[in-house]
Amino acid sequence: MQEVEITSNLKERDSKHLWHPLTQHKVSSEMLPISKASGVILTDDEGREYIDGISSWYTAVYGHCNPYITNKVFAQMQNLDQVVFSGFTHEPAIELSEALIKILPEGQQKLFFNDNGSTATEIGIKMALQYHHNLGNDRKVMLAFENGFHGDTFGAMSVSGLSVYNGAFEDHFIRVERIPVPDGTNNIEILDQLESILNKEEIAGFIYEPLIQGAAAMKFHDNEGLNAILKLCRQHEVLLVADEVMTGFGKTGTYFASDHIEEKPDVICMSKALTAGLLPMGLTSCNQKVYDAFYSDEIAKGLFHGHTYTANPLACTAALAGIELLTSEEIKQNIHRISESNQQFVRELKQKQQVLNARSMGVILAFELNVEMERYGNLRNRLFRFFMEKGLFLRPLGNTIYIVPPYVTSEEQMKKIYILLQECIDQFQA
Ligand SMILES: *Cc1c(COP(=O)(O)O)cnc(C)c1O
């Protein structure tokens, strides 16, 4: 009885002063208190366990509270916690830069620190706009995919796909032209459309989530189509800004999704798994060409952007430890094992009439339920509750179900995930 009281107490206390993200509190249910996270398992304050099937929004890919990472951060914490990164530097940032440049796609040379995914893309956009400004080009428009998601600050919102949620701010957005995502059937039309945009508008940069749009319900792109778009943009001197906030650090089976694509980006935005789910930090990297456009005797040509916690030594230490794990044989093999079992499961899903568009890439697996949405009321909530009751934390989007399991998910745990996905699908008659 005592336990229950404490629980209801936490929920009640939460609702008193806390305002949660992406939540309309009037219609949302109570927040579930989570008291512990270890490896792949989240534990609520009544002791119920949940497999973290989405790595807590694609962050905790090496498992929660991974001692390899927490020990390093603990040691760093006792030595240097925080220092101004303008005028000073420190070893964790330097070591991180050396380790990261080694695994970034070809051509990346310089790293600019920031605080999260939104600011990472915000700086990507600023780099593209100021690059052309510094070169004396009159290019003030960004190009983006329809239905993309790049974050919640103003620049990031502007280049994200228009949604009902951003309506209050639309009048304040920067100028953006949008093109559809290439799916293999529409590649030529998109190139035609892009050609006319490029001839009509002065486009500074193209921001894109390479190969998979996360928030648009794990929408996969046609690789050749994307590559052709990137090529055409480059021919027109449009800077290529890859938003790898979701796809980065192993999720698609390679270190970065851009590794799968021939045409490499000029700028890469990173966050989420960058710091292994331990501390918030973002990074925007660029190639020498971009950096050179800011390198000048004219002070105003510099990138005058900075956050108070820029390159926080603890976050840098977590990121460095994460990269050490990512490049280890053990994690590489785990990613390979999960990728293979995902592919096998996708083959099984393709036999099912209740399933549409089963797909996987690396540890990411997604499919749509082939059901009449209206028949099930709030399908998303129903699916969410189904999985939570069975001990699996997922965040379905509409009729899309997807997983992004941590790389340390065991074979047994993967099996449990697949069985629960099957059970869920089997509830619905084709
Ligand atoms: C999550 C996400 C962002 C925003 O990151 P935040 O840290 O939530 O600000 C930007 N781009 C992509 C592709 C994302 O998945």
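Reader: Which residue forms a salt bridge with glutamate 368?

Author: This is a predicted model, in which local features need pLDDT of at least 70 and side-chain atom pairs count only at pLDDT 80 or more, while totals for chains, interfaces and linings use all residues. Residues are numbered from 1 along each chain as its sequence is written, and side-chain values use heavy atoms, with hydrogens and water left out. A salt bridge is taken as a side-chain nitrogen of Lys or Arg within 4 Å of a carboxyl oxygen of Asp or Glu. With its closest N and O atoms 3.0 Å apart, the partner of glutamate 368 is arginine 359.

Reader: Is glutamate 368 buried or exposed?

Author: Buried means under 20% relative accessible area, exposed over 50%, and partly exposed in between, with a 1.4 Å probe and protein chains only. Arginine 359, at 9%, counts as buried. Because the relative accessible area of glutamate 368 is 13%, this residue is likewise classed as buried.

Reader: How many residues apart are glutamate 262 and lysine 231?

Author: Glutamate 262 and lysine 231 form a salt bridge, their closest N and O atoms being 3.2 Å apart. The pair links distant parts of the chain, with glutamate 262 in the loop between β10 (239-243) and β11 (267-270) and lysine 231 in helix α8 (residues 223-235), so that their separation is 31 residues. Helices (H or I, at least four residues) and strands (E, at least two) are DSSP runs, numbered from the N terminus.

Reader: What is the relative accessibility of aspartate 266?

Author: The side chains of arginine 234 and aspartate 266 meet in a salt bridge, at 3.0 Å from N to O. Arginine 234 is partly exposed, with a relative accessibility of 26%. Aspartate 266, by contrast, counts as buried, at 2%.
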